[in-house]
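Biologist: I am new to this structure and would like to learn how to read it feature by feature. Could you take me through it slowly, giving the general idea before each case?

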Amino acid sequence: MGRINMNKQDCITKTVTFIQDKFTGESSGHDWWHVYRVWKMSIRLAEAEGGDLFVVQLGALLHDIADWKFHDGDESVGPRMAREWLSSLQVNDESIQHVESIIRDISFKGANVDTPMKTLEGKIVQDADRLDAIGAIGIARTFAYGGNKNHPMHDPKSQHTMHNTFDEYKAGKGTTIHHFYEKLLLLKDRMNTDTAKLIATSRHAYMELFLKQFYQEWESIDVSI
Ligand code: ADP
Ligand code: NI
């Protein structure tokens with residue numbers, strides 16, 4: 001794991017300020033606090049699993065860099081913006097390339113689409129990002145996103161879709177409850193590291209409990225009078 005020297009620490013601090021400024025005011029689930037949680041969790045995972053803490057932290061801090069403004073389409077925007085920023089800090093090219101590849105590969109792309117990470121650092125940042133998509137915060141973010149996009153919360157008559165391509169997934173127009181089946185409940189079995197698998201187990205159980213209660217309240221069968 002190793003310590004981070006002063007110069008590297010300075011890069012991290014500057015990147016925190018840079019991202020904080022960019023994300024201020026975002027309300028679609030891509031706010032600074034999401035990045036903050038992914039950053040903290042990535043450090044926790046790296047402490048248990050190993051990995052280069054400099055690359056892990058830069059990957060976590062920059063992983064959603066393209067999403068603050070460019071909401072769809074061009075997937076090369078994120079890596080390019082990260083390279084520009086890290087070059088301005090004179091970060092070595094090997095680390096820049098590593099961070100670029102993490103940003104390029106990290107996203108969930110649909111139920112039936114494999115999204116492998118090439119390095120331990122990438123696996124850690126992907127796990128941290130996915131841990132923030134499940135549990136109590138995952139539930140909250142999902143409803144916040146659905147509200148922002150004007151999706152209905154639930155429709156007992158409609159069925160969710162297991163997407164086969166990223167394009168299909170992106171074009172999906174399901175309910176917010178569908179999103180649990182199309183993504184959130186799948187994440188537990190897709191964690192890369194043992195530490196994240198353990199954390200995911202309890203967050204997953206919390207979501208199952210939430211759904212059970214949600215369906216009971218929907219039909220008023222939680223009422224025992
Ligand atoms: P990230 O990779 O940071 O999790 P995403 O763009 O995949 O970012 O999603 C941001 C948040 O919005 C996540 O919590 C995600 O589960 C949620 N989200 C994404 N798509 C949908 C959707 N169709 N319905 C509800 N929530 C969604
Ligand atoms: Ni994210």
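Biologist: Let me begin with one residue: is His 63 buried or exposed?

Modeller: The general idea is a set of cut-offs on relative accessible area, where buried means under 20%, exposed over 50% and partly exposed in between, with a 1.4 Å probe and protein chains only. His 63 has a relative accessible area of 4%, so this residue is buried. Before we go on, please keep in mind that this is a predicted model, in which local features need pLDDT of at least 70 and side-chain atom pairs count only at pLDDT 80 or more, while totals for chains, interfaces and linings use all residues. Residues are numbered from 1 along each chain as its sequence is written, chains are lettered from A and ligands numbered from 1 in the order in which they are written, and side-chain values use heavy atoms, with hydrogens and water left out.

Biologist: Which protein atoms are the donors of the nickel ion (ligand 2)?

Modeller: Donors are N, O and S atoms within 2.8 Å of the metal (3.2 Å for Na, K and Ca), and since water is not among the atoms, sites may look incomplete. Here the protein donors are His 34 (NE2), His 63 (NE2), Asp 64 (OD) and Asp 129 (OD), which lie 2.1 to 2.4 Å from the nickel ion. Along the chain these donors follow the spacing H-x28-H-D-x64-D. His 63, in the loop between helix H3 (53-62) and helix H4 (77-88), and Asp 129, in helix H6 (residues 120-131), are 66 residues apart, and the pair links distant parts of the chain. Helices here (H or I, at least four residues), like strands (E, at least two), are DSSP runs numbered from the N terminus. Asp 129 is also buried, because its relative accessible area is 16%.

Biologist: Which residues come nearest to ligand 1?

Modeller: A residue is near a molecule or strand if one of its heavy atoms lies within 4 Å of it. Ten residues are around ligand 1, and those that come nearest are His 34, Asp 64, Asp 129, His 179 and Lys 183. This shell divides into two nonpolar, four polar and four charged residues, where Ala, Val, Leu, Ile, Met, Phe, Trp, Tyr, Cys and Pro count as nonpolar, Asp, Glu, Lys and Arg as charged, and the others, Gly among them, as polar. The largest share of the shell, three residues, comes from helix H7 (residues 135-148).

Biologist: How far from an oxygen atom of ligand 1 do polar side-chain atoms of His 34, Asp 129 and Lys 183 lie?

Modeller: The distance is 3.1 Å for His 34, 3.0 Å for Asp 129 and 3.2 Å for Lys 183. As for cover, the protein hides 87% of the 540 Å² of accessible area that ligand 1 has on its own, with areas taken from the Shrake-Rupley method.

Biologist: Where are His 163 and Lys 157 found?

Modeller: His 163 is in the loop between H7 and helix H8 (166-171), and Lys 157 lies in the loop between H7 and H8. His 163 is buried, with a relative accessible area of 5%, whereas Lys 157 is exposed, at 81%. Contact means heavy atoms within 4.5 Å, and, leaving aside neighbours within four places in sequence, the contacts of His 163 include Gly 110, Tyr 169 and Glu 182.

Biologist: What is the phi of Asn 150?

Modeller: Phi of Asn 150 is near 65°, a positive value in a residue other than glycine, and Asn 150 is exposed, with a relative accessible area of 70%.

Notes: Polar contact = N/O pair within 3.5 Å; in protein donor to acceptor, adjacent residues only side chain to side chain. Areas by Shrake-Rupley, 256 points an atom, 1.4 Å probe, with all protein chains shown as cover.
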